[in-house]
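Biologist: I am new to this structure. Could you take me through it step by step?

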Amino acid sequence: MAVNLKRSSGEDSDGGKTSRRRMLGWLTGAGLAGSAGLSAVSNFVFIKPRATYGQPQRFSVGKPEDFPSGTRAILPARGICIVREGAKLAAISIICTHLGCTVGAADTGFACPCHGSRFDQDGNVTGGPAPRPLPWFQVTLAPNGEIEVDKDIEIVPGSYLSL
Amino acid sequence: MSPATPPKASFLTALTDLPKNVWKSIFRNPLPSNDLERSSTSFTNFFLHIHPVKVHKNSLRPAYTLGLGLISFFLFVILIVTGILLMFYYVPSTTQAYDRMLDLRGSVAFGTLLRNMHRWGAHGMVAVVFMHLCRVFFTGSYKKPREFNWVVGVILFLLTLFMSFTGYLLPWDQLAFWAITVGTAIAGYAPVIGKDIQFLLMGGTSVGQEALLRFYVLHVAVLPAVLTLAIAIHFWRIRKDGGLSRAEDADPVVSLEAAPVEKASVLEPKKTYGFQGLVRGPLPKVGQIPDNTVYSWPNLFLAELFTFVVTLSAILVLSLLFNAPLEEPVNALHPPNPAKAPWYFLGLQEMVSYSAFWGGIGVPGIFVLLLLGTPYMDRSTKGVGKWFSRDRLLANTIFITFVVANIIFVIIGTFFRGANWAFVTPW
């Protein structure tokens, strides 16, 4: 016992051996903390879904004839409003840029029932807390003559598809 | 004849003594009739040993605590019991959840009552936990050595809000759907990690089946487990921090100076000294100062039983009188107009209607940080244990300002907001 005590105290007073022991302690601690961190991260990786079950972002909405000039057709299931003026056609989002409610048609454009954001006919913010105008999505004419909307591609507001 | 002869143990006496022996094997003590038995009952019973054997009279003053902490805990117990019962009939599926709500109403025995109790209990818990937080603030009880327990308490308050938030998606009605759509969008405004949190919460890009399942798991497993653990730490620390806070003058002033230690030295054997010569503080002066504590049995336990009965009765009466609302089933295409959150989030919704970031993240975040930091910023030890102490005029004024501002926002959101969140007058 006494010998052990003396030996260990001898080690403690010896700079090199103490630092080796401390180093091993640090390595052990770092290893355990790292493993814990990795486990936590992998839990988050696990609960982050790789596949989601949503609607397709790119879809067809019908023939140009379905939307005569002057139409402002809200397609709630698609989350867009199809606007047709003469030979020009566009798709404007109806998902409020504030907190994701679905905006409704109002006399002056669009109005959000959740927090009172208001937008004009082109989706520009005219009142309320919405931070950005309603985005416009890319509209193309598919070879089969149907209008195709791609919600993954936002375009400059005011740019129409010419028919 | 040895004096230790055991009594004759016949099979018959074993049989006749069976109930008594079983009882005695479970309960180590008779119903207490003296102080020793009162102590040992508190000490040896699993459910009672979380209590101290003796409790300060100040902790039992209803006017001091208003029983708010206990009421919060009992509401949590009621919510766990009713929640587990409701789980027997609930399915977290977008096609079934709402029908199951109707089934609870129509074809499950006590279904309406249990859902009402769960709903009103949840509302009650949010309100009472907040009032408890106010009580602790106004009596200065967060001060040293209770700083960290205050932090645990603030976390418990946030967990309570999150519990309620995850709970109200589950009926899958219009309120549920749009409140969660808005709530997760608010989380999306958090800097840097906001969008990831939003995606993780919803399990996708919009509120649907994945979100319902996730909120269900959070509501019935993750959050109750975390909440239970935090409550255990909260209670444990109450004991370790010396019981409930009380004013300095709640105990008679005694000298904190130790008896002169040097005289207790073994080198001076003429006098003998006990502990009091060696330990610091007033502890050894037992019997010399008036004792301000009473035995937990029966004083504390009766107070707790009384609080529990009153809490349960109140929830029962509310649930018999008022039915928990259930709106139309989810229509993901048409938000109700106006789309309103439950009353305790209407202050937040009102603030969000000015600015999503500042109303939903900035201001609430600063408020929570201030709450968490309160005991570390206010280091004065004055004014503990007294409601609205004059020494705490500044701190109390700031706190009341925050509380009143929030109440005003809640009132505006509840009564003064109509279609499209436009300002309306309720009369």
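What follows is a conversation about the chains, the core, the helices, the strands and some backbone details.

Biologist: What should I know before reading any values?

Modeller: This is a predicted model, in which local features need pLDDT of at least 70 and side-chain atom pairs count only at pLDDT 80 or more, while totals for chains, interfaces and linings use all residues. Residues are numbered from 1 along each chain as its sequence is written, and chains are lettered from A and ligands numbered from 1 in the order in which they are written.

Biologist: What secondary structure does chain B have?

Modeller: Chain B has 15 helices and 2 strands. Helices (H or I, at least four residues) and strands (E, at least two) are DSSP runs, numbered from the N terminus.

Biologist: How much of chain B is buried?

Modeller: Of the 427 residues in chain B, 32% are buried. A residue is buried if 20 or more other C-beta atoms lie within 10 Å of its own, exposed if 12 or fewer, and partly exposed in between, with C-beta atoms placed from the backbone.

Biologist: Which residues touch the most other members of the largest nonpolar core?

Modeller: They are A:Ala91, A:Leu99, A:Cys101, A:Cys114, B:Leu170 and B:Ala176, in a core of 89 residues. Helix H7 (residues 111–138) of chain B gives the most to this core, with 11 residues. A nonpolar core is a set of buried Ala, Val, Leu, Ile, Met, Phe, Trp, Tyr and Cys residues joined through C-beta atoms within 7 Å.

Biologist: What is B:Leu170 in contact with, leaving aside its neighbours within four places in sequence?

Modeller: B:Leu170 is in contact with B:Tyr90, B:Pro92, B:Ala97, B:Ala176, B:Phe215, B:Tyr216 and B:His219. Two residues are in contact if their C-beta atoms, placed from the backbone, lie within 7 Å.

Biologist: How many residues of chain B are in contact with chain A?

Modeller: On the chain B side there are 29 residues, in contact with 21 residues of chain A. Helix H9 (174–187), helix H10 (194–202) and helix H11 (209–240) of chain B are the elements that give two or more residues to that side. H9(B) gives the most, with 5 residues.

Biologist: And by class?

Modeller: The side of chain B that touches chain A has 16 nonpolar, 12 polar and 1 charged residues. Ala, Val, Leu, Ile, Met, Phe, Trp, Tyr, Cys and Pro count as nonpolar, Asp, Glu, Lys and Arg as charged, and the others, Gly among them, as polar.

Biologist: Turning to helix packing, at what angle do H13 and H15 of chain B cross?

Modeller: The axes of helix H13 (residues 343–352) and helix H15 (residues 393–415) of chain B cross at roughly 90° and come within 7 Å. That makes H13(B) roughly perpendicular to H15(B). Residues making the contact include B:Trp343 and B:Leu346 of H13(B) and B:Phe409 and B:Ile412 of H15(B). Axes are lines fitted to C-alpha atoms, for helices over the stretch in contact, and angles run from 0 to 180 degrees between N-to-C directions. Angles under 35 degrees count as roughly parallel, over 145 as roughly antiparallel, 65 to 115 as roughly perpendicular and the rest as oblique.

Biologist: How does H13(B) pack with H14 of chain B?

Modeller: H13(B) packs with helix H14 (residues 356–377) of chain B at an angle of about 130°, with the axes 6 Å apart. The two helices, H13(B) and H14(B), are therefore oblique to each other. B:Leu348, B:Met351 and B:Val352 of H13(B) meet B:Ala356, B:Gly359, B:Gly360, B:Val363 and B:Pro364 of H14(B).

Biologist: Now chain A. What is the strand order in its open sheet of 4 strands?

Modeller: The order is E5-E6-E7-E8 (chain A), with antiparallel pairing. Strand E5 (104–106) and strand E8 (125–127) of chain A are the edge strands, each pairing on one side only. Two strands pair if DSSP finds at least two bridges between them.

Biologist: How many bridges join E9(A) to E10?

Modeller: There are 6 bridges between E9(A) and strand E10 (residues 147–155) of chain A, which run antiparallel. E9(A) and E10(A) form a hairpin with 5 residues between them, and A:Gly145 in the turn has a positive phi of about 85°.

Biologist: Which peptide bonds are cis?

Modeller: Among them are the bond from B:Lys144 to B:Pro145, with omega near 5°, and the bond from B:Trp297 to B:Pro298, also with omega near 5°. B:Pro298 lies in helix H12 (residues 296–321) of chain B.

Biologist: Is B:Val192 buried or exposed?

Modeller: B:Val192 is exposed, with 7 other C-beta atoms within 10 Å. Its phi is near 65°, a positive value in a residue other than glycine.
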